[in-house]
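This report goes through the sheets, helix contacts and backbone details of one model. The sequence and structure come first.

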Amino acid sequence: MLSATGKSWEIRKRAGSDFFAENSDLPPLMAQLLHNRSYTDREVIQTVLSDSDPPHDPFWLSGMEDAVNRILRAVNDKETVCVYADYDADGVCGAAVLISALQALGARSRHYFPNRVSEGYGLNEEAVRSIRDLGADVLISTDCGANAVQEVDLAADLGLDVIVTDHHEVSEELPRAAAAINPRNPGEPYPFPDLAGVGVAYKLAEALLLETDSTAIDGESLLDFVALGTVADVVPLRGENRLLVREGIKRLNNSPRPGMRALIQAAGLEVGSVTSRDLAFRLGPRLNAAGRMREAGIALDLLLSDEIGVATDQARVLNELNRERQLATESVLDAALHSADDGELILVNGDDWPLGVLGLVAGRLVERTGRPAFVSSAEAGEIRGSARGPEGFDLLQLLRSASSILKKHGGHKRAAGFSLDPERLEEFHRSLRTFWQDLDQPPEPSVMLVADCRLQVESISWDTLSLQSALEPYGQGFPEPVFVTSGLTLGQFRRVGDNQIHLKLAFRDLPESVSPIWFRMGMVADKLASGTRYDVAYKLGSSTYRGETRIDMLVEDMRIAN
């Protein structure tokens, strides 16, 4: 049965009795949630729950020793080191990690963020020349550089040593850098390939601090940056990433630095109760808003601020930029929905859509349709775009099929970027459609809601929320639990928020301590009817308003009950 959003539902089957017997020391719901996330081995489950799996040695990463030696030589010789970072939250947090470590070592450091509009993603030759002209001797990239072969060659010709730290797929050959540190490099022995860009930057910082036995800074104090950048970049929260994020969230809640405290407060959150969901939906978007709408350095200044008054003003600016980002996203999404055709690929282009929201719009289109989405805009004589894809589909294979048409492309399997000349846009779209049609088994466009299990009304409780919290952090690869409660009778409901994009609900069966809301789905109000019984799919959370703490029922979907 289709739902109010048109999604099909799949409610996961209960694990076998043998699994529950083997894990009889765990609450059954916790055991089921772990089983649903493919944690079925008893030893692995115990490791996850006990935090007993230590992080990997940073020197296992190829190139790490060369990178450390070159940076320490720069420190000793009073050379200038420039951190070149991507303009998203992952890059900003990576820059914060590296600059903090470099300053602790006494290095002469500076930073550089490319402008999203005038320069685009990654290293570019003009920036390399400018950085060298300003006196830098070493350039350390973070969250970019994996495919910057020509730019690194230019830097070498100019006498600028480049140390690449990145986590993106390598398209062709490795750049001939002084060191190229990337867990996804071909033949890389490092046992965990899924670090975020900030995770790789942290490994370099960790190695530097270990090599120097520095007491000027505690390496683990940088984990708040790592947690925020890792969750914001939507990398899998498995293996080493889980440990880094969990420890970073503890830092955020127990002893936040001034910049983080100001960011938390600006997002309407309370120190001590920040969760992985807050990193993903409240803090990360505010950092991203700087690079999307203006300049990423604004976000970096906040993170590194050591005075709460200054940080509070900086966080207020990020709030304003985030509001601009939200309005722009809704505007472009509406235009994209009107211009998209009914093909199996979504290929849309606008003349003046802000570049900073194209990826967000592409992601929202995938959520609604289950189809790969390529969203682009003309800017300064060039077409630039972002692509997003559904689970299990490799966007990069599509972009590689059209690489001869593109000027630049790169990214991940589910999130990528590209640029091309305007006159080749139609050719690019034709190429993508042809490749898609020639696939042996093109994936069927579908939008599926996968729920963990059913909950009775009495189980929508603080006990369930506490059990859920014990499995934090949640994110890509370890998703937040989705529950289904059947036969809830809808009471009053109304559209709320700016432009009435959200839907505030009341169910007659729920206690007053439960507060249901359906974010970004005000448009389905006309499909609902008071007094009707619905099956409701939702996530659980909590919030405090005017001194009253409630359980939040964060609705994901609804369908008429049988």
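## Parallel sheet

Strand S2 (residues 80-85) runs parallel to S3 and is joined to it by 5 bridges. Within this pair, tyrosine 84 is placed opposite tyrosine 112 of S3. The model is a predicted one.

The two strands belong to an open sheet of 5 strands, ordered S3-S2-S4-S5-S6, with parallel pairing. Its edges are strand S3 (108-112) and strand S6 (179-181); each has a single partner strand, so one side of each is left without a neighbour in the sheet. On average, neighbouring strands of this sheet are turned by 20° against each other, direction ignored.

## Mixed sheet and its helix

Another open sheet has 5 strands in the order S7-S8-S9-S11-S10, and its pairing is mixed. From one strand to the next, the twist averages 15°.

Inside this sheet, strand S8 (residues 373-379) pairs with strand S9 (residues 382-388) in the antiparallel sense, over 7 bridges. Serine 377 stands opposite arginine 384, which is in S9. Helix H17 (residues 425-438) packs on the sheet and touches S7, S8, S9 and strand S11 (415-420). The direction of H17 makes about 170° with that of S7.

## Helices H5 and H9

Helix H5 (residues 89-104) and helix H9 (residues 223-232) have axes that come within 8 Å and cross at roughly 160°. H5 and H9 are therefore roughly antiparallel to each other, the limit for that class being over 145 degrees. Their crossing is left-handed.

On the H5 side the contact consists of Ala89, Asp90, Cys93, Ala96, Val97 and Ser100, which meet Phe225, Val226, Leu228, Gly229 and Ala232 in H9. Sorted by class, this contact has 8 nonpolar, 2 polar and 1 charged residues.

## Helices H14 and H15

Helix H14 (residues 308-339) packs with helix H15 (residues 358-369) at an angle of about 55°, and their axes are 9 Å apart. That angle makes H14 oblique to H15. The crossing in which H14 passes H15 is right-handed.

H14 contributes Arg325, Thr329, Glu330, Val332, Leu333, Ala336 and Leu337 to the contact, while H15 contributes Leu360, Val361, Arg364, Leu365 and Arg368. By class, the contact of H14 with H15 comprises 7 nonpolar, 1 polar and 4 charged residues.

## Salt bridges

Side chains of opposite charge can pair when their charged atoms come close. The structure has 26 salt bridges. One of them links arginine 323 with aspartate 498, with 2.9 Å between the closest N and O atoms. Arginine 323 is in helix H14, and aspartate 498 is in the loop between strand S14 (483-496) and strand S15 (502-507), so the pair ties together parts that are 175 residues apart in sequence.

## Backbone exceptions

Most residues other than glycine have a negative phi, and most peptide bonds are trans. Glutamate 472 and proline 473 are joined by a cis peptide bond, with omega about 5°. Proline 473 is located in the loop between helix H18 (462-469) and S14.

Serine 38, a residue other than glycine, has a positive phi near 70°. Serine 38 is in the loop between helix H2 (28-36) and helix H3 (42-50).

Terms used:
Residues are numbered from 1 along each chain as its sequence is written. This is a predicted model: local features need pLDDT of at least 70, side-chain atom pairs count only at pLDDT 80 or more; totals for chains, interfaces and linings use all residues. Side-chain values use heavy atoms; hydrogens and water are left out. Two strands pair if DSSP finds at least two bridges between them. Helices (H or I, at least four residues) and strands (E, at least two) are DSSP runs, numbered from the N terminus. Axes are lines fitted to C-alpha atoms, for helices over the stretch in contact, and angles run from 0 to 180 degrees between N-to-C directions. Contact means heavy atoms within 4.5 Å. Angles under 35 degrees count as roughly parallel, over 145 as roughly antiparallel, 65 to 115 as roughly perpendicular and the rest as oblique. A crossing is left-handed if the near helix is turned anticlockwise from the far one by less than a right angle, and right-handed if clockwise. Ala, Val, Leu, Ile, Met, Phe, Trp, Tyr, Cys and Pro count as nonpolar, Asp, Glu, Lys and Arg as charged, and the others, Gly among them, as polar. A salt bridge is a side-chain nitrogen of Lys or Arg within 4 Å of a carboxyl oxygen of Asp or Glu.
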